[in-house]
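Open the model in your viewer, keep the sequence panel beside it, and follow the stops below in order, selecting each part as it is named.

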Amino acid sequence: MPLPSSTPLRALALAGMAVTAALIANTFASPARRLAWVGSSVPPSIAAPGVEKIPPPVTGSGQPIVPEPKDGHPIHPGHLPPSRMTASPAPAAAPAPETPPSSPIRDISAEEAWRAFQSGTPFLDARRSSEFAEGHIASAWSTPVWESDLDDRLLSFKAARRPGSEDPIVIYCSGGDCRDSHLLAEKLLGEGYFHLLIFHDGYPAWVAQGRPVEKGRP
Amino acid sequence: MRPRLWQWLLHPKLTMAVRIALGLVFIAAALPKIGDPPGFAKAIWAYQLVPGPALNPMALVLPWLELFCGLALCLGIWIRAAAAWVAMMLLAFGFALSINLARHHPVDCGCFGGAAQKTMAEQFADMRWSLLRDAGLLLLAGQVLLASGLKARSVGQVE
């Protein structure tokens with residue numbers, strides 16, 4: 001086979017070699033290091049990382065606090081549709097609103113995560129499986145949102161726990177500007193789960209508070 | 001004076017040193033990414049510039065392209081083609097980084113594999129350094145392209 005002689009042909013040949021090598025390498029990679037060529041596990045709608053929504057303040061009962069009204073209108077927590085935002089001004093002093101207009105995906109504090117842990121709510125770890133192996137919240141499920149076997153792992157979680165669409169599921173990653181738990185929450189929302197709690201401060205906060213952790217592979 | 005500076009800039013020994021250095025940088029950048037395509041896909045996704053369907057193919061192919069171009073530069077084969085790819089990749093990366101700096105959106109470079117958790121200020125500082133490094137590497141790629149172009153022309157004249 002004659003070698004390509006002109007620069008554009010050689011550049012094309014380099015690209016072809018790269019595609020071939022990527023095809024071969026990806027075929028033989030372990031599931032944690034493999035990527036699907038088509039159909040990313042990442043949901044199409046993505047909130048920009050770094051642009052954080054302020055998590056709504058929460059009470060001990062897990063219901064959002066309605067902050068003190070400004071200009072006569074109560075401030076509702078985030079994630080509300082516009083129609084709800086302009087809803088009639090609920091009395092701020094009302095004792096425990098019956099149906100909190102909370103969205104299917106909600107940020108929770110470390111305290112609330114701890115209470116959920118004590119009540120046996122399942123925890124999903126959205127970080128990479130290598131990070132999970134280094135340490136994770138005790139009895140959490142490894143569901144690395146960027147890895148190719150995410151669907152299999154989610155399936156085994158569902159098969160074992162049989163979560164109903166209204167059952168709470170806590171999702172966490174590594175805190176800070178980590179978006180993996182949000183990506184996983186959007187994916188699960190698309191699969192029909194409507195009570196997704198994002199433990200925003202994630203694993204570092206859990207460790208800092210001395211909560212139970214485990215090591216090793218799932 | 002100018003032709004002399006020119007001669008010095010395009011000296012064969014300097015060109016060889018530059019292309020080997022550039023090649024080594026690209027090999028070093030490629031290896032961690034080849035080892036962890038999902039991590040690189042996440043890094044590209046963070047730039048918020050690549051549409052979803054292109055994300056995974058890009059994360060899979062780009063590191064290998066970097067590796068082959070780096071190897072070609074180090075070994076001295078297909079220098080012009082490899083340097084052209086390298087320059088294109090550097091331009092694209094610089095462009096992506098500039099856009100995110102301009103819209104004040106912190107991203108991890110993703111250049112040499114995964115990064116540790118950083119504060120936003122540290123990330124912006126890192127992005128500026130990356131941009132500077134990118135410009136420096138682009139100069140090196142330009143030198144290699146220019147020198148190999150002159151060589152090709154002189155060879156053409158001899159023939």
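Begin by selecting B:Trp78, which sits in the loop between helix 4 and helix 5 (79-102) of chain B, where helices (H or I, at least four residues) and strands (E, at least two) are DSSP runs numbered from the N terminus. This is a predicted model, in which local features need pLDDT of at least 70 and side-chain atom pairs count only at pLDDT 80 or more, while totals for chains, interfaces and linings use all residues. Residues are numbered from 1 along each chain as its sequence is written, and chains are lettered from A and ligands numbered from 1 in the order in which they are written.

B:Trp78 is not a glycine, and yet its phi is positive, near 50°. Is B:Trp78 buried or exposed? It is buried, because 24 other C-beta atoms lie within 10 Å; a residue counts as buried with 20 or more other C-beta atoms within 10 Å of its own, as exposed with 12 or fewer, and as partly exposed in between, the C-beta atoms being placed from the backbone.

Next select B:Gln48, found in the loop between helix 3 (37-46) and helix 4 (52-75) of chain B. B:Gln48 also has a positive phi, near 60°, in a residue other than glycine, but with 17 other C-beta atoms within 10 Å B:Gln48 is partly exposed.

**Chain B as a whole**

Now select chain B, whose secondary structure comes to six helices and zero strands, and whose C-alpha trace spans about 55 × 30 × 25 Å along its principal axes. Of the 159 residues in chain B, 39% are buried.

Within chain B, go to B:Ala141, which has its place in helix 6 (residues 120-158) and is buried, with 26 other C-beta atoms within 10 Å. Which residues does B:Ala141 touch, leaving aside its neighbours within four places in sequence? They are B:Leu22, B:Ala83, B:Val86, B:Ala87 and B:Leu90, where contact asks that the two C-beta atoms, placed from the backbone, lie within 7 Å. For a distance to check yourself, select the C-alpha atoms of B:Ala141 and B:Asn100, which are 41 residues apart along the chain and separated by 24 Å.

**Across to chain A**

Show both chains together, and look at the contact, which takes 28 residues from chain A and 33 residues from chain B. The side of chain A that touches chain B has 18 nonpolar, six polar and four charged residues, with Ala, Val, Leu, Ile, Met, Phe, Trp, Tyr, Cys and Pro counted as nonpolar, Asp, Glu, Lys and Arg as charged, and the others, Gly among them, as polar.

**Strand 6 of chain A and its partners**

Select strand 6 (residues 196-199) of chain A, which is covered on both faces: A:Leu196 and A:Ile198 on one side, and A:Leu197 and A:Phe199 on the other, are all buried. Strand 1 (residues 105-108) of chain A pairs with strand 6 in the parallel sense over four bridges, pairing here requiring that DSSP finds at least two bridges between the strands; in this pair A:Ile105 stands opposite A:Leu196. Strand 5 (residues 169-172) of chain A is likewise parallel to strand 6 and joined to it by four bridges, and A:Tyr172 has A:Phe199 as its bridge partner.
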